[in-house]
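I kept to one topic at a time and wrote each entry as I went.

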Amino acid sequence: MKKEKIALVTGASSGIGKEFAIQLSKMGYKVVLVARRKDALEDTAKKCDGESIIFPCDLTKEEERLTLFKAFPKVDFLINNAGFGLFGSFGNNSWEKEAQLLNTNILAFTHLLHFYLSKMKDAHEGKIINVASIAGFLPGPLMSTYYASKNYVVRLSEAILEELHQEKSPVQIAILCPGPVNTEFNEVAGVHFALKGVSASYVVKYALKKFSQKKFYLFPSLKMKLAHLGTKICPVFLLRKVAYRIQKKKK
């Protein structure tokens, strides 16, 4: 009897998360759709092949995360995608919004990663894609907390990658690092990207293809690959100024 494969996708109500759910369902995964908006999850489920499970959940609340873990103690593929951005000078935005971003992009993200990675290591199998951003390699004036949260995703994932290598674990991990993508992110963050965004469908298709080839850094466009190279070459003071100028154009 063929083993059922389960993929858990956070932020599955829209954008990249929604596309991951749809494309993984077409690959034969039973997808668990996690986000706060039940109606949006129902729309995602309609576009998925095969069986999908809707699990409305506010990941910023620990008790709801624990309920999720109890319901799904083991998954084969984790798409750790839930997150959002916030535009404005640090200190000008409300603390409530800053705290919500930190709770979603860092605390909830880390809790899911810790829980499911531990299970996968015990089982000697499993796959994880952490959704980062090209922002994870830059300082981000005018979106400072968001950029810092994606720096956290990048560095934590890189450290875990080395730990898995040293432990000779077969668990696979990668980070998806897109630039502008045409999703609800722009509206939530209150920005208009200066660069033209690519489709979420393309980003996910590229990510899954490269992930199947055992790639760790998933940059779904030549511009983002060049941008990543630039972060290695340019001094930080210049990166700060360039990032600020780009951010200013978003309003």
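This is a predicted model: local features need pLDDT of at least 70, side-chain atom pairs count only at pLDDT 80 or more; totals for chains, interfaces and linings use all residues.

**Strand S4 and its neighbours**

I then turned to strand S5 (residues 127-131), which runs parallel to S4 and is joined to it by 4 bridges; within S5, lysine 127 is the bridge partner of phenylalanine 77.

Next I asked which way the side chains of strand S4 (residues 77-80) point. Phe77 and Ile79 point one way, Leu78 and Asn80 point the other way, and I found all of them buried. I set beside this the general rule that side chains in a regular strand alternate between the two faces of the sheet.

**The nonpolar cores**

I looked up the largest nonpolar core, which has 35 residues, and wrote down those with the most contacts inside it: Leu8, Val34, Leu59, Leu68, Phe72 and Tyr116. At least two residues of this core come from each of strand S1 (6-10), strand S2 (30-35), helix H3 (62-71), helix H4 (95-123), helix H5 (144-166) and strand S6 (172-176). H4 gives the most to this core, namely 7 residues.

I followed leucine 68 in particular and, not counting residues up to four places away in sequence, I found that it touches Leu8, Val34, Phe55, Leu59, Leu112 and Tyr116. Apart from this core lies another, of 28 residues, and I noted Ile22, Cys48, Ile79 and Ile129 among them.

I wanted to know where serine 25 is found. It is in helix H1 (residues 15-26), and it counts as buried because its relative accessibility is 5%, where the cut-off is under 20%. A polar atom of its side chain lies 2.6 Å from the backbone oxygen of isoleucine 22, and the side chain of serine 25 also reaches the backbone nitrogen of aspartate 49 at 2.9 Å. Leaving aside neighbours within four places in sequence, I listed Val31, Cys48 and Asp49 as the contacts of serine 25.

I then went to serine 169, which I found in the loop between H5 and S6; at 18% relative accessibility, serine 169 counts as buried too. Its side chain reaches the backbone nitrogen of valine 171 at 3.2 Å, and, not counting residues up to four places away in sequence, serine 169 touches Lys121 and Leu164. I also checked its separation from threonine 110, which is 59 residues apart from serine 169 along the chain, and the C-alpha atoms of the two are separated by 20 Å.

**Helix H8**

For helix H8 (residues 222-233) I compared its span with expectation: at 1.5 Å a residue its 12 residues should span 16 Å, and the end C-alpha atoms are 17 Å apart, which agrees.

I asked which residues of H8 are buried, and my list reads Met224, His228, Gly230 and Thr231. These cover an arc of only 155° around the axis, so I put them on the same side of H8. On the other side of H8, I recorded Leu222, Leu226, Lys232 and Ile233 as exposed. Last, I looked for what covers the buried residues of H8, and helix H9 (236-248) is included there.

How values were computed:
Residues are numbered from 1 along each chain as its sequence is written. Side-chain values use heavy atoms; hydrogens and water are left out. A nonpolar core is a set of buried Ala, Val, Leu, Ile, Met, Phe, Trp, Tyr and Cys residues joined through side-chain atoms within 4.5 Å. Buried means under 20% relative accessible area, exposed over 50%, partly exposed in between (1.4 Å probe, protein chains only). Contact means heavy atoms within 4.5 Å. A polar contact is a pair of N or O atoms within 3.5 Å; within protein, one must be able to donate a hydrogen and the other to accept it, and residues adjacent in sequence count only if both atoms are side-chain atoms. The expected span of a helix is 1.5 Å times one less than its number of residues. The arc is that of the directions from the helix axis to the C-beta atoms. Two strands pair if DSSP finds at least two bridges between them.
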